[in-house]
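Grab a pencil and have a look at the protein below.

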Amino acid sequence: MKKVFTIAVILLMAAALQTKAQILTPVHWSYAAKKINATEAVVFMKANIDDGWHLYSQTVKEGGPVKTTITFPPSTLYSLIGKTTEPTPVTRYEKVFSMDVSYFEHEAIFQQKVKLKAGQVTVKGTLEYMTCNDHQCLPPENVEFSVAIK
């Protein structure tokens, strides 16, 4: 009888582990940098977006979803040149927000040009973004990153 009870407990624990809620992470970020010359470089922030999901543009207007925002803290080792650029987004009317919104599907590569004030630099920043599919939107996320430029 003790053996049957032990087996039943093990089976219940295994079932509980399998039904544990999964955390959705439909956007997968990667980072890189490329030197243009001795004093300039470009930092790349690439979003790989799972099928059926989309990531919002930096240009979403107030009243819509949380737009993608990339911030860089001040540094004595580099300075930003211009604004962070993005590819051309898809723009569609979304009923849930009652407005046109711009977003990316599958992939988006954001680029920030920097002026280097030292030979080796690590560019740090934070990405805030929101992602949705046809059934749900996930809460906004903040992701910190750092990219070495040699």
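Before we start, a nonpolar core here is a set of buried Ala, Val, Leu, Ile, Met, Phe, Trp, Tyr and Cys residues joined through side-chain atoms within 4.5 Å. Buried means under 20% relative accessible area, exposed means over 50%, and partly exposed is in between (1.4 Å probe, protein chains only). The model is a predicted one: local features need pLDDT of at least 70, side-chain atom pairs count only at pLDDT 80 or more, and totals for chains, interfaces and linings use all residues. Residues are numbered from 1 along each chain as its sequence is written, and side-chain values use heavy atoms, with hydrogens and water left out.

**Exercise 1. The cores**

Task: find which residues have the most contacts inside the largest nonpolar core.

Step 1. The largest nonpolar core has 26 residues, and Trp 29, Met 45 and Phe 110 are those with the most contacts inside it.

Step 2. Now see where they come from: β1 (27-37), β2 (40-49), β8, β9 and β11 each give two or more residues to this core. The largest share, 5 residues, comes from β2. Strands (E, at least two residues) and helices (H or I, at least four) are DSSP runs, numbered from the N terminus.

Step 3. Zoom in on Trp 29. Leaving out residues up to four places away in sequence, Trp 29 touches Met 45, Lys 46, Ala 47, Leu 55, Phe 110, Leu 127 and Tyr 129, where contact means heavy atoms within 4.5 Å.

Step 4. There's a second, separate core of 8 residues, including Tyr 56, Phe 97, Met 130 and Cys 132. As background, nonpolar side chains tend to be buried together in soluble globular proteins.

**Exercise 2. The sheets**

Task: work out in what order the strands of the 4-stranded open sheet are arranged.

Step 1. Start with the overall count: the protein has 1 helix and 11 strands.

Step 2. Follow the pairing (two strands pair if DSSP finds at least two bridges between them). The 4 strands form an open sheet in the order β1-β2-β8-β5, with antiparallel pairing. Its edge strands, β1 and β5 (78-85), each pair on one side only.

Step 3. Look at one pair inside this sheet. β2 and β8 are antiparallel and share 9 bridges, and Ala 47 stands opposite Ala 108 in β8.

Step 4. Now try the open sheet of 3 strands, which has the order β4-β9-β11 and is antiparallel too. Here β4 (69-71) and β11 (141-149) are the edge strands. β4 is joined to β9 (residues 121-129) by 3 bridges, and the bridge partner of Thr 69 is Glu 128 in β9.

**Exercise 3. Strand β7**

Task: explain why β7 is largely enclosed by the rest of the structure.

Step 1. Count the buried residues: they are 5 of the 6 in β7 (residues 99-104), so this strand is largely enclosed by the rest of the structure.

Step 2. Check its partners. β6 (residues 90-94) runs antiparallel to β7 and is joined to it by 5 bridges, with Thr 91 opposite Ser 102. β3 (residues 54-56) is also antiparallel to β7, with 2 bridges, and Tyr 56 has Tyr 103 as its bridge partner.

**Exercise 4. The largest pocket**

Task: name which element gives the most to the lining of the largest pocket.

Step 1. Know the rule: on a 1 Å grid over the protein atoms alone, a pocket is an open set of points where a 1.4 Å probe fits, with protein on both sides within 12 Å along at least five of seven lines, and lining residues have an atom within 4 Å of a point.

Step 2. The largest pocket has 14 lining residues, and His 54, Glu 94, Val 96, Asn 133 and Asp 134 lie nearest its centre.

Step 3. β3 and β6 are the elements giving two or more residues to the lining, and β6 gives the most, with 3 residues.
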